Amino acid sequence: MKSVFVSAPAKVNLALRVGARRPDGYHDLDTVFEAVDIFDDLQADLAPDLRLEISGLGENLPVDESNLVIKAAHLLQKATNTQQGAHIKVHKRIPVAGGMAGGSADAAAALLALNTLWDLELPDSRLTELAGELGSDVPFALLGGIARGTSRGEQLVSIKPGTLHGWVFLTSATGLSTPEVFHCFDEMFPAAGNPPATTQLCQALTGSDLSAIAQEMVNDLAAPAAALRTDIADICAELAEFPGKTILSGSGPTIAIFCAAEAAESLAQEMQEKFPSRTALAAIGPVTGAHIRRVEK
């Protein structure tokens with residue numbers, strides 16, 4: 001039986017600038033993504049039908065048509081006129097509904113795995129197009145590294161980093177709905193126009209000065225997320241005097257602390273002691289996007 005094994009990374013937004021709500025319901029964004037070394041693993045086995053199993057952090061997630069993995073499989077079937085099936089197993093390490101694009105990572109992994117499992121031979125450019133149909137963060141999950149995203153975040157330009165970055169993520173057992181955060185943003189900022197540009201951050205990322213990078217980091221969803229979740233505001237207030245840069249990851253509720261790569265592990269231990277109600281995860285970035293680890297026949 002043929003099997004394909006794929007890993008896909010979590011992401012953090014070093015900047016997330018948000019514009020007004022568009023007629024299609026999305027918001028114009030100017031954002032900078034970074035892939036970090038917290039990976040979900042996906043195994044796809046050739047089968048007569050489509051089935052999904054999830055273990056790890058996502059064991060309570062739905063495995064029906066509402067899951068992005070199944071949506072990715074159906075989209076690939078439709079795009080290629082194939083009726084092949086697969087038994088898909090996902091082991092999740094990326095926090096669920098934590099603003100780190102775990103669902104998007106799994107969708108990207110599914111596209112990559114099934115393209116190989118079903119011998120479709122679609123080029124990367126076509127997989128990226130399909131990824132954009134699934135969600136705004138899915139194309140970046142395929143690409144990885146560091147990239148500037150515009151439009152709704154799916155139009156990507158890669159950035160060559162000047163150095164590795166360290167991260168500590170303070171994750172929460174309770175997720176936060178991205179649509180709710182954006183709705184709150186619309187209520188708080190009804191006069192939002194075009195999103196501010198991330199040009200200065202993109203330039204800083206090509207160098208190795210972490211303080212210059214940190215100075216340009218900003219997330220426009222921090223205020224609405226904190227309005228919905230007081231624990232976000234409380235933790236950020238406690239970290240206000242902390243020397244490292246603190247930023248909300250995506251739409252939250254995960255809080256990210258930017259640091260030197262060699263400091264991430266010890267900082268995670270310190271933050272775990274300081275905030276026992278959260279889980280502190282150390283990570284390094286940037287890393288590669290969704291990638292095939294092995295194929296078994």
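Predicted model: local features only at pLDDT ≥ 70, side-chain atom pairs only at ≥ 80, totals over all residues.
Residues are numbered from 1 along each chain as its sequence is written, and side-chain values use heavy atoms, with hydrogens and water left out.

**View 1. The largest pocket and its lining.** The lining of the largest pocket comprises 44 residues, and Ser104, Asp137, Thr178, Pro179 and Ser251 are those that lie nearest its centre. A pocket is an open set of points on a 1 Å grid over the protein atoms alone, where a 1.4 Å probe fits, with protein on both sides within 12 Å along at least five of seven lines, and lining residues have an atom within 4 Å of a point. Among the elements that each supply at least two lining residues are β1 (3-21), β2 (27-47) and α5 (178-188), where helices (H or I, at least four residues) and strands (E, at least two) are DSSP runs numbered from the N terminus. Helix α5 gives the most, with five residues.

View 2. Gly99, in the loop between β4 and α2, is buried, with a relative accessible area of 14%, where buried means under 20% with a 1.4 Å probe and protein chains only. The C-alpha atoms of Gly99 and Pro253 are separated by 6.5 Å, although these residues are 154 residues apart along the chain.

View 3. Strands β5 (residues 146-150) and β6 (residues 155-158) run antiparallel and are joined by four bridges, and Thr150 stands opposite Gln155 in β6. Of the four residues between the strands, Ser151 takes a positive phi near 60°.

Key. Buried < 20%, exposed > 50% of the residue type's maximum accessible area, 1.4 Å probe, protein only. Pairing = 2+ DSSP bridges.
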